[in-house]
Amino acid sequence: MHQINSRYREDAEQDGHESLFALDRLSFTYPDGKEALREISLSIRRGDHIALVGKNGSGKSTLVRHLNGLLPLQSGSLHYQGKTLDPTLLADMRLNIGILFQDPDNHLFCNTLYEDVAFGPMNKGLAREEVDQLVKRCLADVGLSHLIYKPAHHLSYGQKKRAAFAAILAMQPEVLILDEPTANLDPKQELIFKELLRAFQGTLIIIDHDLLFLYDLCDRAVVLADGHIHHDYSFQELVSQQNALREHGLDFTFRFTCCGNDHSHPQTSSHQHHHHHTHEHGGRDSHTLIADEKTPILELQHFNYCYPDKTTGIIDANLIVKRGETIALVGENGAGKSTLAACLLGLHHGEGFFLFHGEQLNQDMRRNLWKQVGMVFQNSADQLFCPSCWEEVAFGPQQMGLSKKEVEMRVAEALNNVRLSGYEKRVPLNMSGGERKRLAIAAALSMQPEVLILDEPTASLDPQSQELLLGILNNLNMTRILITHDMFFIRELSNRTLVMHQGRIIRDYPTSTFLADDHLQDINGLDYTYKSHCLDQIMDLQYHNGRKHTPV
């Protein structure tokens, strides 16, 4: 692998006039002492399409924040177009290098989407007519024309992600850097992103754990591990080696039980081989999740919710949540899934009947609902505010008035469950997106709620962390509601699936029936199996690579 790494460096030296970025022995340490990058040496050529991959916390986001000057140089050197960084060059870089952050709220701050997308082009000095055309075209490209004059804070997380992408595209960048672009997107919107990225003519750098999304977008893979470059080789070479994927926490084949973890996968077409088989009863362990037929924990009857601007959130929802159930809540971005969860949590006060253990909620019961219903938000930053991980996880139990000994026990247990033991003194804001997600889960678990709602729990997690999370969730002795587009987690964990569309619950049926519903795409346009073709190609590469290295 190191020969491959050297080959890329030699190519860059021979084609020096095409070199866009040149990094030499670049290192970076955060104020809390965490060494994020260690002697990074990397050449990026004009027109490269690079997948920047590695485990959560390996330094990927820190590295790309150096490429457009967001983080200062501490040690080593970075050249852009052969020039040393200075204030003039940094200003030029920021106009030509677009970066889509994990958190779209970092991009959106104006009164309407139109203004958010127009902000960059206006600051470049473009004519108003040209800006108007750019804004309308870019919002149309990401499917948000109908929301052009809405404020971003009234959108779903997935819609915000697309709006932020439109704002980047409107700058017409030469280099496009995307940090976890598919996190929290429904399959239809993933395809929109993919088509836009396929059409992009410049240099492309994508951080993502979804190798199926990256497969036919990137031709080069740079693998980071513990802050340094471990491998730099072609994308096909990366995905063909299951051992290398497993080493770097990128092996996603645990998701496809029909294939297992061996190399015996036969060559087959995506039409002949389907990767979403399920047991008749639903999830893998759903036979142990027998719902109590007595009084439901939560119940909605003819429940409606409208946002303050009169935007409809929930329409005539009827829902029963029984003890021991694991319910998957699915639907397109903006269907109302997160809004429904916020209502169940008591954050949104709607009209209709909301019963908890058979009693209509009064004001006192609503104020204390947080003790029984926990939630992990899509955006972990929305619920992380303490200066250390220990304080973050301890906050809830402390507010419940538990003893110091009980608090310490719960914190230790929760951090251990999400494999963050030893992180007690770490600053949450300096952790990777995936680490923050696990910390938010730990903070919810420490409260030991009766019902746990997880909104896009797998977003921003590397495959190794997803596999770990699956084990954690499988062992939780509580009622669970999963808001997700992740078919594997739906299949493995849930025994019942609710489908939402335009604020309504349009389906409520066993998960096995949901997985077999061929008419769902006609209703909400979601194709949950569109990645099967890429998967088949990757599995065939692994199969042939395994045979090539098997002694005769």
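**View 1. Leucine 176 and its surroundings in a predicted model.** Leucine 176 is in contact, meaning heavy atoms within 4.5 Å, with residues that include Phe165, Ile168, Leu197 and Phe200, when residues up to four places away in sequence are not counted. The model is predicted, so local features need pLDDT of at least 70 and side-chain atom pairs count only at pLDDT 80 or more, whereas totals for chains, interfaces and linings use all residues. Residues are numbered from 1 along each chain as its sequence is written, and side-chain values use heavy atoms, with hydrogens and water left out.

**View 2. The largest nonpolar core.** A nonpolar core is a set of buried Ala, Val, Leu, Ile, Met, Phe, Trp, Tyr and Cys residues joined through side-chain atoms within 4.5 Å, where buried means under 20% relative accessible area, exposed over 50% and partly exposed in between (1.4 Å probe, protein chains only). The largest such core has 52 residues, and Leu176 and Phe165 are among those with the most contacts inside it. Its largest share, seven residues, comes from helix α6 (residues 157–169); helices (H or I, at least four residues) and strands (E, at least two) are DSSP runs, numbered from the N terminus.

**View 3. A salt bridge between arginine 496 and glutamate 325.** In a salt bridge, a side-chain nitrogen of Lys or Arg lies within 4 Å of a carboxyl oxygen of Asp or Glu, and here the closest N and O atoms are 2.9 Å apart. Because arginine 496 lies in strand β19 (residues 496–501) and glutamate 325 in the loop between β12 and β13 (326–331), the pair ties together parts that are 171 residues apart in sequence.
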